[in-house]
Amino acid sequence: MIIFLYSIAAAAVLIYVPFLLVAYARVRIGYEMFSTPRALFDKLPPYAQRATWAHQNTFEAFMVFAAAALMAYVTGVNSFTAQVAAIAFVVARLLYSIFYILNIPLLRSLMFAIGIFSSGTLFFLSIIQTSSGLSNSF
């Protein structure tokens, strides 16, 4: 079950992976990063703009996944399927950012779907776990 906590930590780190490219691009175009860091978004190269969008989307996906993984952890879900779902989310989100930055929409969308399906699986397994625990207590 510790895999859920590790996967949340890994997913949190993945939020900032695309932003490394954004920071690199900002330094390359040479502007003051501290006074107006968002002002020159339109001057960033396309890969850095896509990296910004990947970064923002990863924040959104992280919130859903963190809730699902914590729910699985708290309810005591301990199945191979749940472990695969947690790992699949992390891998899919890493690949999502890569495919987004490389501008490969089909693969990006596939990774997005895998991530959503992984979170949904954890929610579903948690509900099943809780439901079976409730029926045993009556």
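Predicted model: local features only at pLDDT ≥ 70, side-chain atom pairs only at ≥ 80, totals over all residues.
Biologist: How far is Ser97 from Asn57 in space, C-alpha to C-alpha?

Modeller: Along the sequence the two are 40 residues apart, and in space their C-alpha atoms lie at a distance of 9.1 Å.

Biologist: Which side chain joins that of Asn57 in a polar contact, and at what distance?

Modeller: Asn57 is buried, with a relative accessible area of 15%, and, with residues up to four places away in sequence not counted, it touches Arg93, Tyr96 and Phe112. The polar contact joins the side chain of Asn57 to that of Arg93, at 2.6 Å.

Biologist: Which backbone oxygen lies 2.9 Å from a polar atom of the side chain of Arg50?

Modeller: Arg50 is found in helix 3, which covers residues 46–75, and because its relative accessible area is 16%, Arg50 is buried. Leaving out residues up to four places away in sequence, Arg50 touches Tyr100, Ile101, Leu102 and Asn103. The backbone oxygen that lies 2.9 Å from a polar atom of its side chain belongs to Ile101.

Biologist: Where does Asn103 lie, and what is its phi?

Modeller: Asn103, which is among the residues touched by Arg50, lies in the loop between helix 4 and helix 5. Asn103 is partly exposed, because its relative accessible area is 44%. Although Asn103 is not a glycine, its phi is positive, at about 65°.

Biologist: What span does helix 4 reach from its first C-alpha to its last, and what span is expected?

Modeller: Helix 4 has 22 residues, and the expectation for its span rests on 1.5 Å a residue. The helix reaches 32 Å from its first C-alpha to its last, close to the expected value of 32 Å.

Biologist: Which element gives the most to the nonpolar patch on the surface?

Modeller: The patch is formed by Val13, Val17, Leu94, Ile98, Leu102, Ile104, Leu107, Leu110 and Ile114, which together have about 680 Å² of accessible area. Ile98, found in helix 4, is partly exposed because its relative accessible area is 36%. The element that gives the most, with 3 residues, is helix 5.

Biologist: Which residue lies 39 positions along the chain from His55, and how far apart are the two C-alpha atoms?

Modeller: His55 lies in helix 3 and is buried, because its relative accessible area is 10%. Setting aside residues up to four places away in sequence, His55 touches Ile15, Tyr16, Pro18 and Phe19. The residue in question is Tyr16, and the C-alpha atoms are separated by 6.5 Å.

Biologist: What separates the C-alpha atoms of Leu14 and Phe59?

Modeller: Leu14 lies in helix 1 (residues 2–14), and it counts as buried because its relative accessibility is 12%. Apart from its neighbours within four places in sequence, Leu14 is in contact with Thr58, Val90, Arg93 and Leu94. Leu14 and Phe59 are 45 residues apart along the chain, and their C-alpha atoms are separated by 9.2 Å.

Biologist: For the protein as a whole, what share of the contacts with a separation of 6 or more comes from residues 24 or more positions apart?

Modeller: The secondary structure comes to 5 helices and 0 strands, and buried residues make up 36% of the 138 residues. The protein exposes about 8000 Å², of which carbon and sulfur atoms supply 72%. Among contacts with a separation of 6 or more, the share from residues 24 or more positions apart is 77%.

How values were computed. Residues numbered from 1 in each chain as written. Heavy atoms only, no water. Helix = DSSP H or I, 4+ residues; strand = E, 2+ residues; numbered from the N terminus. Buried < 20%, exposed > 50% of the residue type's maximum accessible area, 1.4 Å probe, protein only. Polar contact = N/O pair within 3.5 Å; in protein donor to acceptor, adjacent residues only side chain to side chain. Contact = heavy atoms within 4.5 Å. Patch = residues over 30% accessible without salt bridge, like charges linked within 9 Å, V, L, I, M, F, W, Y side chains within 5 Å. Areas by Shrake-Rupley, 256 points an atom, 1.4 Å probe, with all protein chains shown as cover. Salt bridge = Lys/Arg side-chain N within 4 Å of Asp/Glu carboxyl O. Expected span 1.5 Å × (residues − 1).
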